Amino acid sequence: MERLSREADPREAGLDPKTLARLDAYLAQQVDEGRLPGYLLSLARGGRVAHLTTYGHRDLKAQLPVESDTLWRVYSMTKPVTSVAALILIEEGRLSLTDPVSRYLPEFAEPRVYESGAGADVRTRPAEQPILVRHLMTHTSGLTFGFYYDHPVDALYRDAGLENSVRPGADLTRTCAEYASLPLQFEPGTQWNYSVSTNVLGRIVEVVSGQDLDVFFAERILGPLGMTDAGFQVTPEQAGRLAELYGEREDGSIEPVPGLPLRGRPRFLSGSGGMVATARDYHRFAEFLRRRGELDGVRLLSAESVDMMATNQLPGGADIRTYGSPTHRQSGNGGVGFGLGVSVVVDPAATECPSSLGTFGWTGAATTIFWVDPLRDLTVQFMTQVRRRSSFSVYPELKRMVHEAVI
């Protein structure tokens with residue numbers, strides 16, 4: 001087992017210690033006031049970790065501190081890993097962005113699109129075009145999440161037992177068939193709607209490779225990149241390092257809540273949100289992306305593939321706010337487009353906090369986040385374990401002070 005550690009002096013790496021101290025104090029305040037149990041923050045420039053902070057607890061009841069080898073549920077930060085898996089197969093000529101999803105999953109051969117109504121009175125029409133692999137990777141497929149409560153199709157997902165993306169006890173194959181049986185919110189390729197698309201992409205990776213998703217990840221990505229603790233489950237030896245998951249109460253305080261079933265191999269291998277990882281693991285993945293497909297002499301993707309992944313794919317250079325479904329038009333994602341599995345800053349002036357053009361990354365449901373800033377040769381990750389129900393977020397201040405810390 002290896003831990004993440006500081007490798008460079010902040011000043012030598014071009015980071016302002018005073019700004020970093022303010023950032024640490026702000027995050028520690030969120031812990032002290034009970035909004036977070038604890039956290040880990042790391043910043044690296046040129047591949048060298050120049051700032052690493054742990055504070056608070058990974059388990060409040062047991063009073064176990066956050067440490068550099070703590071394991072975190074990264075939830076949707078799994079999606080970029082699944083996107084890399086698909087890009088590996090694309091580079092091998094076994095998959096294409098323009099392939100219809102139905103080539104690999106026949107249940108998607110005749111998608112129908114929502115027209116009107118609700119519940120048993122929903123009216124649909126045949127889709128005018130097929131769902132493509134590109135649509136899955138850019139969240140423009142027309143699929144959705146059942147927990148949105150914003151659209152009649154969301155309600156159909158809940159009625160089908162898919163509020164949490166999977167019916168209890170189902171595997172990835174059966175779950176994707178359930179998605180295919182439900183109407184799309186919109187014509188594929190015409191809007192952006194964050195959705196279960198990456199679960200479908202994960203299933204395609206399985207079909208094309210002939211391997212279960214966890215095996216493909218381990219053999220083709222996690223192992224080669226030295227992500228030694230990352231995966232879809234924790235061993236008995238790892239279990240003591242897994243952070244407790246918390247949920248936010250109505251008053252803003254936190255309490256333990258059930259998390260992913262990680263002790264033992266899960267039946268449902270979620271390419272959308274099933275991974276657990278340490279900070280060292282995810283730092284290595286972010287560095288692999290910063291270095292455009294290579295890490296420590298191991299190249300998994302060409303530089304061109306990573307560049308494509310980190311380039312806005314929304315038509316006409318649109319951002320999520322303008323191209324998004326009604327669910328996302330007021331999401332605060334102005335100036336942020338979407339590539340192949342990651343968000344991409346396309347207009348720094350339109351974002352809610354300072355950022356650099358071309359910065360890309362993603363977040364997880366338990367308030368985790370990572371980003372890569374190519375212009376500043378910077379990678380950042382923040383790990384904690386709180387599922388939010390309010391609009392409170394540490395992200396704006398985190399991004400602002402990180403941006404200000406770069407000299």
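Is Tyr75 buried or exposed? I started there, and Tyr75 comes out buried, at 8% relative accessibility. My cut-offs: buried is under 20% relative accessible area, exposed is over 50%, and partly exposed is in between, with a 1.4 Å probe and protein chains only.

**Ground rules**

I'm working on a predicted model, where local features need pLDDT of at least 70 and side-chain atom pairs count only at pLDDT 80 or more, while totals for chains, interfaces and linings use all residues. I number residues from 1 along each chain as its sequence is written, and side-chain values use heavy atoms, with hydrogens and water left out.

**Entry: Tyr75, continued**

I placed Tyr75 in the loop between strand S4 (71–73) and helix H2 (79–91). Helices (H or I, at least four residues) and strands (E, at least two) are DSSP runs, numbered from the N terminus. Most residues other than glycine have a negative phi. I also found the charged end of Arg387 over the ring of Tyr75, 4.9 Å from the ring centre. For that I ask for NZ of Lys or CZ of Arg within 6 Å of the ring centre and within 35 degrees of the ring normal. Arg158 does likewise with Tyr149: its charged end sits over the ring, 3.6 Å from the centre.

**Entry: His139**

His139 also has a positive phi, near 60 degrees, without being a glycine. I found His139 in the loop between helix H3 (133–138) and helix H4 (152–159). His139 counts as buried, with 1% relative accessibility.

**Entry: the whole chain**

I count eleven helices and 17 strands in the chain. Of its 407 residues, 58% are buried. The C-alpha atoms fill a box of roughly 60 × 45 × 45 Å along the principal axes.

**Entry: aromatic rings**

How many aromatic pairs does the structure hold? I get 15. Rings of Phe, Tyr and Trp (its six-membered ring) pair if their centres lie within 6.5 Å; planes under 30 degrees apart are stacked, over 60 edge-to-face, and the rest tilted. I looked up Phe145 and Phe147: their ring centres are 4.6 Å apart and the planes are at 20 degrees, so this pair is stacked. Phe145 is buried at 5% relative accessibility, whereas Phe147 is partly exposed at 40%. Both belong to one aromatic cluster, together with Tyr148, Trp192, Tyr194, Phe338 and Trp362.

I used a 1 Å grid over the protein atoms alone: a cavity is a set of points where a 1.4 Å probe fits but cannot get out, a pocket is an open set with protein on both sides within 12 Å along at least five of seven lines, and lining residues have an atom within 4 Å of a point. Points are joined across faces, edges and corners, and a volume is the space filled by probe spheres set on the points.

The whole structure gave me one cavity of 30 Å³ or more. The largest cavity has a volume of about 30 Å³. Its lining is Phe108, Pro111, Ile131, Leu143, Tyr179, Ala180, Leu182 and Leu184. I sort those as eight nonpolar, no polar and no charged. My classes: Ala, Val, Leu, Ile, Met, Phe, Trp, Tyr, Cys and Pro are nonpolar, Asp, Glu, Lys and Arg are charged, and the others, Gly among them, are polar.

Then I turned to the second largest pocket, with about 220 Å³ of space. It is lined by 15 residues, and Glu7, Gly47, His283, Arg284 and Asp296 are the closest to its centre. The lining divides into three nonpolar, three polar and nine charged residues. Which helix gives the most to that lining? I found helix H8 (residues 279–290), with five residues.

Gly293 is in the loop between H8 and strand S10 (294–295), and is buried at 0% relative accessibility. Its C-alpha atom is 6.1 Å from that of Val306, 13 residues apart along the chain.

Thr351 sits in the loop between strand S13 (343–345) and strand S14 (360–364). Thr351 counts as buried at 16%.

Ser390 is in the loop between strand S17 (386–387) and helix H11 (395–405), and is partly exposed at 38% relative accessibility.
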